[in-house]
Amino acid sequence: FAPSAVLPRGSLRQSTAGPSMQLYSAGKMQGKGVNIIPIFKRPDSLDGSMVGDQGFDPFGFSGWVNMKFCREAELKHGRVAMLAFVGIMVESAGITFPGVTKVFGASTNIFEIHNKAVEVGAMGQILLWVGVFEMLAGYPGMTQTMEGGARAPGDFGFDPLGLGKGDKLARKQLSEITNGRLAMLAVSGIVHHTIITGKGPLG
């Protein structure tokens, strides 16, 4: 049985038609020539050289905001959101480390856990150490990038497992930015879902 023998040729052409996405790598800039919203003109400030650039900027922010600053912020928020998503799912599944329930209780509600963490001082510790990291590494690194240094946005030279060595880096960068964007949407959805229904992502 050959499906191509009974399917109209027009259907075959339609199934293969559509925009192609290039992989961000040496000599091939991901997003170069791709316009995610064809009815809008691709902004001149988005030239496809930035990882994950698909020409999406309907409000024209890229024309008056430094895109290096925006990319630094996007990567930072994406990384935090990916960690948050994992933490939310682990909490919702009732998976805990030994001794955790004695401090935070057995609740799987993200807001109850957050409020308890504030009460016992855990959130204060997180704020303290994140602030220290920002002062010692985050702000100096971003300043170097903004002033035209060689540092790429979000690059802290942290790769102890060598996952980004050689030709693997381009693919990892693209995976990070796309998964970070998805995680930001997912966490936002989970938070609002919990507010409206009172239930977590796993019910």
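Let me begin with a term: a residue is called buried when its relative accessible area is under 20%, exposed when that area is over 50%, and partly exposed in between, with a 1.4 Å probe and only protein chains considered. By that rule S92 is buried, because its relative accessible area is 15%.

Colleagues, a word on the source. This is a predicted model, in which local features need pLDDT of at least 70 and side-chain atom pairs count only at pLDDT 80 or more, while totals for chains, interfaces and linings use all residues. Residues are numbered from 1 along each chain as its sequence is written, and side-chain values use heavy atoms, with hydrogens and water left out.

I turn to the overall architecture. The protein has seven helices and zero strands, where helices (H or I, at least four residues) and strands (E, at least two) are DSSP runs numbered from the N terminus. Along the sequence the pattern therefore reads α-α-α-α-α-α-α. Of the 203 residues in the protein, 21% are buried. The accessible surface comes to about 14300 Å², and 66% of that belongs to carbon and sulfur atoms; the areas come from the Shrake-Rupley method with a 1.4 Å probe, and for residues only the protein chains shown count as cover. As for contacts, meaning heavy atoms within 4.5 Å, consider those in the protein with a separation of 6 or more: residues 24 or more positions apart account for 47% of them.

Next, a helix pair. Two packed helices are described by the angle between their axes and the distance between the axes. How do helix α3 and helix α6 cross? The axes of α3, residues 67-92, and α6, residues 122-146, come within 9 Å and cross at roughly 145°. Here the axes are lines fitted to C-alpha atoms, for helices over the stretch in contact, and angles run from 0 to 180 degrees between N-to-C directions.

M146 deserves a separate remark. This residue, placed in helix α6, is partly exposed, with 35% relative accessibility. Leaving aside residues up to four places away in sequence, M146 touches N66, K68 and F69. The C-alpha atoms of M146 and N66 are separated by 8.2 Å, although the two residues are 80 apart along the chain.

Let me continue with the salt bridges, each defined as a side-chain nitrogen of Lys or Arg within 4 Å of a carboxyl oxygen of Asp or Glu. The structure holds eight of them. One joins the side chains of K76 and E134 at 3.0 Å, N to O. This pair links distant parts of the chain, with K76 in helix α3 and E134 in helix α6, 58 residues apart. Both are partly exposed, K76 at a relative accessible area of 28% and E134 at 26%.

What does the salt bridge between E176 and R79 tie together? The closest N and O atoms of this pair are 2.6 Å apart. E176 lies in helix α7, residues 168-197, and R79 in helix α3, so the bridge ties together parts that are 97 residues apart in sequence. E176 is partly exposed at 25% relative accessibility, and R79 is partly exposed at 27%.

A local case is K116 with E119, whose closest N and O atoms are 3.6 Å apart. Both residues lie in helix α5, residues 110-120, three residues apart, about one turn of the helix. K116 counts as partly exposed at 26%, whereas E119 is exposed at 60%.

Finally, I return to S92, which lies in helix α3. Apart from residues up to four places away in sequence, S92 touches T108, P201 and L202. P201 also stands in relation to G189, a residue of helix α7: their C-alpha atoms are separated by 9.3 Å, and the two are twelve residues apart along the chain. G189 itself is partly exposed, with a relative accessible area of 38%.
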